[in-house]
Amino acid sequence: MQTDPDPTAAFTRLECGILAAVILLAAGVVIYAETRPAEAPAGMVVGTLDLSGHAVLIEDLYGHADEAGPGRMGAVSCSVRLFPGDMGGVDMGKAVVGFETKTEEWSLTKDAPTPPAWTITTRVNVPLFKVDDDDLLEPGEVFVLLATPGRTLGPGETFTLSVAPPGAVAASAVRTVPLKMTGVMELG
């Protein structure tokens, strides 16, 4: 009469086989992870973080009356800061600032002695941050820009001011010159 094999011995062999398969699989994963070529991180969150250092906001626009031509606006000032939560920095020294009306457009030159030109007039710090003197717009800093188009603008004329940091989409603001001119005019 034949006896059945020992059930505990068969179970032990099955457990050993499963354990060996798990060890081989784990070793394969480790070897693959260590030898595969490095890839750049990807995905929506990583893509958003990558762009975050290049996103700026244009705020607090003011028109400045032209001293030589009464009743005309000669320049615009605005505040530029990083988009809230951005951890990167923007090299404003390499930014492209543009000014456009319905009929003309100018690419303004940084620190040029004559229009069309733009310059950083003031560097301001946000509370709890300290501003430095370089052209790198960093978290906690606000730069005040003065933009002078190629000609003065008349009352009721609509214009677009744009600021494009290197490698990013331009931020823009569309405003209309007030009908009543004063020295400095809030443009909203």
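In this predicted model, the largest nonpolar core has 31 residues, and those with the most contacts inside it are Met73, Met92, Phe99 and Leu145. Eight strands each supply at least two residues of this core: strand 1 (56-65), strand 2 (73-82), strand 4 (96-101), strand 5 (105-110), strand 6 (117-125), strand 8 (141-148), strand 9 (158-164) and strand 10 (171-176). The largest share of this core comes from strand 2, which gives five residues. Leaving aside residues up to four places away in sequence, Met73 touches a set of residues that includes Gly63, His64, Ala65 and Asp66, as well as Thr152, Leu153 and Phe159, and also Val177, Met181, Met185 and Leu187.

Of the contacts with a separation of 6 or more, 59% are between residues 24 or more positions apart. Buried residues make up 28% of the 188 residues in the protein.

A nonpolar patch on the surface is formed by Leu14, Ile18 and Val22, which together have about 280 Å² of accessible area; Ile18 is found in helix 1 (residues 7-35).

The charged side chains remain to be considered. Side chains of opposite charge can pair when their charged atoms come close. A search of the whole structure finds six salt bridges, and in one of them the side chains of Glu104 and Arg151 meet at 2.3 Å, N to O. This pair links distant parts of the chain, since Glu104 is in the loop between strand 4 and strand 5 whereas Arg151, 47 residues apart from it, is in the loop between strand 8 and strand 9. Glu104 counts as partly exposed at 30% relative accessibility, and Arg151 is also partly exposed, with a relative accessible area of 26%.

Lys110 and Asp111 form another salt bridge through their side chains (2.8 Å, N to O); Lys110 counts as partly exposed at 24% relative accessibility, and Asp111 does at 47%. The side chains of Arg123 and Asp135 likewise meet in a salt bridge (2.4 Å, N to O). Because Arg123 lies in strand 6 and Asp135 in the loop between strand 6 and strand 7 (136-137), this pair ties together parts that are 12 residues apart in sequence. Salt bridges that share partners join Lys110, Asp111, Arg123 and Asp135 into one network.

Key
Residues are numbered from 1 along each chain as its sequence is written. This is a predicted model: local features need pLDDT of at least 70, side-chain atom pairs count only at pLDDT 80 or more; totals for chains, interfaces and linings use all residues. Side-chain values use heavy atoms; hydrogens and water are left out. Buried means under 20% relative accessible area, exposed over 50%, partly exposed in between (1.4 Å probe, protein chains only). Contact means heavy atoms within 4.5 Å. A nonpolar core is a set of buried Ala, Val, Leu, Ile, Met, Phe, Trp, Tyr and Cys residues joined through side-chain atoms within 4.5 Å. Helices (H or I, at least four residues) and strands (E, at least two) are DSSP runs, numbered from the N terminus. Patches are made of residues with over 30% relative accessible area and no salt bridge: like charges are joined within 9 Å, nonpolar side chains (Val, Leu, Ile, Met, Phe, Trp, Tyr) within 5 Å. Accessible areas come from the Shrake-Rupley method with a 1.4 Å probe; for residues, only the protein chains shown count as cover. A salt bridge is a side-chain nitrogen of Lys or Arg within 4 Å of a carboxyl oxygen of Asp or Glu.
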